[in-house]
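Let's take a walk through this structure together, one feature at a time.

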Amino acid sequence: MTLRLDKVSHMQGGQAFLRDVSLSFERGTLNVLLGPTLSGKTSLMRVMAGLDAPTEGRVLVDGKDVTGLDVRKRSVAMVYQQFINYPAFTVFENIASPLRVQGKPHREIEQRVHEAAKLLRLEPYLDRTPLALSGGQQQRTAIARALVKGADLVLLDEPLANLDYKLREELRAELPRIFEASGAIFVYATTEPTEALLLGGRTICLWEGQPMQIGPTAQVYRRPESLRVAQLFSDPPLNLAEVTKHDGAVVYSDGDKAPADGRFAALADGAYRVGFRAHQLAVADGRPDRQLGRHVFAATVALTEITGSESFVHLKRDGTNWVAVLPGVHEFLPGQALQATLDPGDIFIFDRDGRLVAGPPQE
Amino acid sequence: MARLDLVDLAHAYNGGTTHADLVLKPTSMTWRQGGAYALLGPSGCGKTTLLNIISGIVRPSRGKVLFDGKDVSALTTQQRNIAQVFQFPVIYDTMTVGENLAFPLKNRGLPRAEIEKRVSEIARLLDLEAYLGRRASRLSADAKQKISLGRGLVRADVAAILFDEPLTVIDPALKWELRSKLKTLHRALDLTMIYVTHDQTEALTFADTVVVMHEGSVVQTGTPEELFARPEHTFVGYFIGSPGMNIVAGEVRGREAKIAGHTLALKRSYDSLPAGANIEIGIRPEFVSIAPPRPDLLSAHLERIDDLGRTRFARVRVDGLKLAAAIPPGLTPDGEEVGLTFDPAQIHVYADSRRIEGAA
C-alpha cells in the first residue's frame, strides 16, 4: 500500500495546523515524525487516519482518493499517548477486540493474540484487567491491540511519553524489530531526538505544520539542511554563534578569531550563523591545549550537571549559552573561566535565512 | 528551611502489617537543610508515597517525620509550611503572571514591598520579567509550568519545596533550560528541595544526593558519581545509566570471574562470598569494549548497533547472555563475530543483588 498526502492543509479555529503538506508513505516502512508540541504531528496523523478531513488537499491510498472517507472504512490502527484500553476486559480480550469485530474464527484469534502478547512480553498478564497492570503494561496492551488488527496503517502518537524512562528505553529498542515483522506503514510521532535515532527508519522533521526535511533518520541527524532541523534534532540543544568572515579570518561575535580555512575558505565574505552539537565542544581548565586547527573560545561556566557517566557543562558566552558534554565526571564551578575548543570540521554553517551552506559531509 | 528526619517510616494502604502489605518498607533517613535531593525509581516503587508522607498528604502507618527536630507527623501540609510543584501547571488563568507569582506571598500576608522584591527576584531568575503583566491564560504549557515553578520557589520561609515530576510535560529543548534554572535557583536561594522522578537524567543532574527506590525500599543513597561508579544493588546498576549495567550470572573465585566459560581477571579478591548466594557480575557498558576477535578475548555475536548520535553502543550476545558494549571511536565492526575487552577495575561482584566489596 502507498499512502499519499497531496497538498494537504488543515485549519482549526482560524489556526493552521498543517500547511500545504505533500508526503508519500510506503508499505513496510517506519516513519518518524519529529517536532515539538504543536508542530503538526497529531494533526497529520488524524488526517492520515481519516479522523479529520483536511481543509484543503487530498489523501490517496494506492492512487485512490479517500479524502473524507470515514475512519471505520479504512484499515487504520492508532495508539495514543494516554493508554486507552477497555477497563472491564482482560488483556486477552483487549488485544482480541479488533479481531472479534472483524469476525475472525476463534482459533485464529487465539493464535494471533498469543503472538502479539509474546512479542510485547504480555503473556503472563493475559488474564488480568488493565487496571491491575503498570502503565507500561497497559501501553504495551494498547500497542499489541494495534498490531494484531493487521491494519495497513499504524499510527503511534508519542506512545512512550507517559512511561517510565527505563521502560521507554526498553520499548524503543524493541519497537523497530516489532515494526519490521509487520509490513504495515508505521508512523511514529515524537519530540525526542534520541528516540528518533533509536527507532531509525525515515524521519520527517515538522515545524509549524510543514515538513522541513525528510530522509533516512541518521542522515537527517548528521546532515540537517537548515538551522531549524539542526535545532529540532539536537539534544542537548544545538550551540549557536554569529560569525563574520572577512579578510581570510572567521570572527565570532564576541571577538574570538580563527583563520578561515577548511570549509570556511570557500565561503563569500559576510555574516553567518554557525551551529554545532554539544559533544563536539571540548573544554579544559588551565592553558588551552592549542590543538592544531581547532577554534578556541573563552567562556565562563554557568553550571555543571553530572550524571556519573557524563558531565554537561553549561557555558556563558556573550549573551548565549552553550552546553558541552564530556564523558566522565568533571566538576567545573560556576563563574570559572575556561577555554573551549572545537574542530571547525564539526561546524554547520548557515546563511542569514538559516539554510545550510556548508557542514560536515554525510558519512 | 529545615532539616528533615524520617524516623522508622513505613506505610501500608490496606492497613496490613506484613512485609508484603507495606508499600513503603521501614525507612529512616536524614535530609540536611539546603540540600538538593532526588527520589528516583520506577512507578510503583514507593517514591510518591514517601513524598506524600513528607508533605502530610499521607499519614504513615508507622514512624515519624521531624522538621528541625520537631515532630510534624500529625500536621497538615499547610501547617508544615511546604511548597509543592506538580507535573501539570497549577496557576490562575485569570491573573497576570506577576499576580500568580505573588499569590503565595499575599496569602501569607507579607508586606507589599517585600512581595514585590521577592516576585521580581524570582522573575529575574526564571527569565519571566517580560511576562509579569501578561495574563497567564494566553501562555503556552511550557511557560505555565515555568510559572508553577516560580510559585513554588517564591516563598523564602518554606521548610522544603517538593517537586513531583515537574518536567514530564516539557519539550526536550526547554527541559535543558528549566533544569539548569532550577539548579541555579537552588544555589541562589539556599532551599531544601526534594525532586521526585522516574527520569535518571533529571534526578542525576538536579540532585546532590539521589535516593534510589525499588519495591518500597531505598536501595542506595549517594551522589550521581557514586551511583554510577559503585552501584550497591543490581537494581541501581540497571536503573542508572543508559543503557544500564550489564548484570550476568558468573562464578567468582579469588581474583577471577568466569562468564560463559571465559575467565576474567579481577582487580580485587573475593575469597569469602556468602555460601549459596546467587552470584552475579556487573559491569557498565562504558567499560566493556568490542574489538576485532582474538583468541584471548571473550568472543561475542554482534546483534545490532544503537547509534545515539554522540555515542554508539553494540548489543552483543555471548551464549545466552546479552550485553551492551562501547564501540571505540573509529572502529567499524567487520562481521558479526567480535571480541570483548573488560576494564578489570570496573567489574563488580554481587551476591543476592548486593555488591560485595573485594579485598585489595
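Predicted model: local features only at pLDDT ≥ 70, side-chain atom pairs only at ≥ 80, totals over all residues.

You will find B:Glu165 in the loop between β7 (160–164) and α6 (172–189) of chain B. The cut-off for a buried residue is 20 or more.

Now for the peptide bonds. In chain B, B:Ser242 and B:Pro243 are joined by a cis peptide bond, with omega about -5 degrees. B:Pro243 belongs to the loop between α9 (234–239) and β11 (246–249) of chain B. Turn to chain A and you can find a cis bond there too: the one from A:Asp235 to A:Pro236, with omega near 5 degrees. A:Pro236 lies in the loop between α8 (227–232) and β11 (239–246) of chain A.

Stepping back, how is chain B divided into domains? The domain assignment gives domain 1 as residues 4–232 and domain 2 as residues 246–356. Taken over C-alpha atoms, the centres of these two domains of chain B are 38 Å apart.

Chain B also holds a pair of helices to examine. Two packed helices are described by the angle between their axes and the distance between the axes. For α3 (residues 97–107) and α5 (residues 141–153) of chain B, the axes come within 7 Å and cross at roughly 30 degrees. That angle is why α3(B) is described as roughly parallel to α5(B). The crossing of α3(B) past α5(B) is right-handed. On the α3(B) side, the contact is made by B:Val97, B:Asn100, B:Leu101, B:Phe103 and B:Pro104, while α5(B) brings B:Ile147, B:Gly150 and B:Arg151. Sorted by class, this contact has five nonpolar, two polar and one charged residues.

Chain A can be taken as a whole. It has eight helices and 21 strands, and its C-alpha trace spans about 75 × 45 × 40 Å along the principal axes. Of the 363 residues in chain A, 43% are buried. Among contacts between residues at least 6 apart in the sequence of chain A, 65% join residues at least 24 apart.

Last, see where the chains meet: 32 residues of chain A are in contact with 31 residues of chain B. On the chain A side, the elements that give two or more residues are α5 (165–182), α6 (193–199), α7 (217–222), β16 (295–306), β17 (310–317) and β18 (320–327). The largest share, four residues, comes from α6(A). By class, this side of chain A has 15 nonpolar, ten polar and seven charged residues.

Note on methods. Residues numbered from 1 in each chain as written. Chains lettered and ligands numbered in written order. Domains from an automatic or database assignment. Buried ≥ 20, exposed ≤ 12 C-beta atoms within 10 Å, placed from the backbone. Contact = placed C-beta atoms within 7 Å. Nonpolar A, V, L, I, M, F, W, Y, C, P; charged D, E, K, R; others polar. Axes fitted to C-alpha atoms, helices over the stretch in contact; angles between N-to-C directions. Parallel < 35°, antiparallel > 145°, perpendicular 65-115°, else oblique. Left-handed = near helix turned anticlockwise from the far one by under 90°.
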